[in-house]
Amino acid sequence: MPRKKYIKAERAKKLEKEMLTCTFCGFCKSVCPYFEDNQWDPSVARGKVILAYGLARQEIPADDSVVQRLYQCTTCKDCERRCPSNIRVVDIVEAARADLVEAGCVLPAHKKVIENVKKTKNPYGETAAVDFGVPIKKAEVGYFIGCTARYRQPEIARHTISLLKKLNVDFTLVDEVCCGSTLQRIGAKEKDYVRLMKANVDAVKKLGVKKLLFTCAGCLRMFKEQYPKYVEVPFETEHLVQFLARQNLKLKPFPKRITYHDPCHLGRHLKIYDEPRKVISMIPEAKFVELAENRETARCCGGGGGVRSADPQAAQRIASRRVKSASEIADIMVSSCPFCVSNLRFGNEIVKVDIEIKDIAELVDDLLVT
Ligand code: SF4
Ligand code: SF4
C-alpha cells in the first residue's frame, strides 16, 4: 500500500484560527454553485475549510480525492457573503491550493496551464499572434485585452476597439502577457505570476499610459487587488463599463428584454454593480430585467478558479443553470467578462435555450450611433 502523503501546508496553517471559527452551520450550502451541482458536502465551503484544516494540521493526507475537492471551487466568493463567521473561504482555498502545488500535487489540467503560461505567456498555449489592426504606441489610454478575449473570444476585443474608435478615444493596445489570474487562482508558484505582473506593468509604463481599460473582470481584479501587493502600479485601472457609464452614449433603439450577469470578479470581488446597469439603461426601448439572483447574490457562471480547465463538465452544467434562468425572463443575456460570456455560451450547449449571450462591448458597439 502506498504511504500517505502529508504535506507542510505553511500557507493554510496561517489561516488555521480562522478555519476554527466555522460552526458548520451550512449556510454556505445554499449558495455554492459546486454544491448545487454535485450535492457533495466536501465540495461546499465548509467541506473545503475542513480539508484545508486537516492538511494544515497534517491530519489529512493530500490524496487524490482531497486535491480534487479543493479544486471544486470557482472562487466566486458567494459563500463568504452568507457565512456568519466571516470566513475568508477563497483565501483559505487558494492558500491550500498553493500548498498542494508546492508539494507537487497538481491536477494534470492545471499542470498544462502552468506549462502553457511559462512557454507561451498565455494559459491556452497559443503561439500565433492575433492581429487586431491597432498599433502599439504612446497614448494616455491603454486597452488590456486579456488572454480570453485575445485567443478565445476575439470578437469582444474587436468590438471594444471599434467602440473606442467610434468614441474618438486615442488609445493603444499593450504588449501584454497573461495577467496571472489563472496561475494565482490555481495555486501556482508566486514567482511565476509575479514575473507576469512585472512584465505587464513595464509594458504599460513604457507607453506613458495613464488609464488602462479592461474588458476582462478577472484581469481587472488582478491589477486592482493583487498587483499592488507585488509591484508599483503607476496608472489608473478601470473596466470598460465604468468608462462607458460616464459617456453620453447615443444608441439605436433595441426593443428587447435584456438581463445582466454580474461576473464574480467584477461584482462580489470589486463591487462594480451600477455601471453596467447604467450603460444598459441608455439603450432606447430596451427593457432591463434583473435575474432573481443579481448583484451581491448573483450566481457564478461556473468557469472561474481553474474549474473550466480541470472540470469542464461541472463548469458547463453550472453555466447551463444560469443561462436557463436568464432565458425565462430575457431575450438577451449580457455580461462584462469574456470568460463568463465564453462559459455561459458553453453552458447553453447543454440546455440549448433561445437566448443571445453577449459581452456588453459587443452590444454597445452594435448599437452605437456614429
Ligand atoms: S457558512 Fe461559514 S461557518 Fe457556516 S458552515 Fe459555511 S463556512 Fe462554516
Ligand atoms: S467560493 Fe463559490 S464555489 Fe467556492 S466554496 Fe464558496 S460558494 Fe462554493
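**Surroundings of ligand 2**

Ligand 2 is surrounded by 15 residues, of which Cys32, Ala45, Cys73, Cys76 and Cys79 are the closest, a residue being counted as near when its C-beta atom, placed from the backbone, lies within 6 Å. This is a predicted model, in which local features need pLDDT of at least 70 and side-chain atom pairs count only at pLDDT 80 or more, while totals for chains, interfaces and linings use all residues. Residues are numbered from 1 along each chain as its sequence is written, and chains are lettered from A and ligands numbered from 1 in the order in which they are written.

At least two residues of this shell come from each of α3 (33-38), α4 (45-56), α6 (78-82) and α7 (89-102); helices (H or I, at least four residues) and strands (E, at least two) are DSSP runs, numbered from the N terminus. The shell around ligand 2 divides into 10 nonpolar, 2 polar and 3 charged residues, where Ala, Val, Leu, Ile, Met, Phe, Trp, Tyr, Cys and Pro count as nonpolar, Asp, Glu, Lys and Arg as charged, and the others, Gly among them, as polar.

**The parallel sheet**

An open sheet is formed by 4 strands in the order β6-β5-β7-β8, with parallel pairing; two strands pair if DSSP finds at least two bridges between them. Because β6 (287-288) and β8 (356-359) stand at the edges with a single partner strand each, one side of each is left without a neighbour in the sheet. Strand β5 (residues 257-261) pairs with β6 in the parallel sense over 2 bridges, and Ile258 has Phe288 in β6 as its bridge partner.

Helix α19 lies across β7 (332-335) and β8, and runs at about 90 degrees to β8; axes are lines fitted to C-alpha atoms, for helices over the stretch in contact, and angles run from 0 to 180 degrees between N-to-C directions.

The axes of helix α10 (residues 154-166) and helix α19 (residues 360-367) come within 8 Å and cross at roughly 45 degrees. That angle makes α10 oblique to α19, since angles under 35 degrees count as roughly parallel, over 145 as roughly antiparallel, 65 to 115 as roughly perpendicular and the rest as oblique. Glu155, Ile156, His159, Thr160, Ser162 and Leu163 of α10 meet Ala361, Glu362, Val364 and Asp365 of α19, contact requiring C-beta atoms, placed from the backbone, within 7 Å. This contact of α10 with α19 has 4 nonpolar, 3 polar and 3 charged residues.

Technical notes
Contact = placed C-beta atoms within 7 Å.
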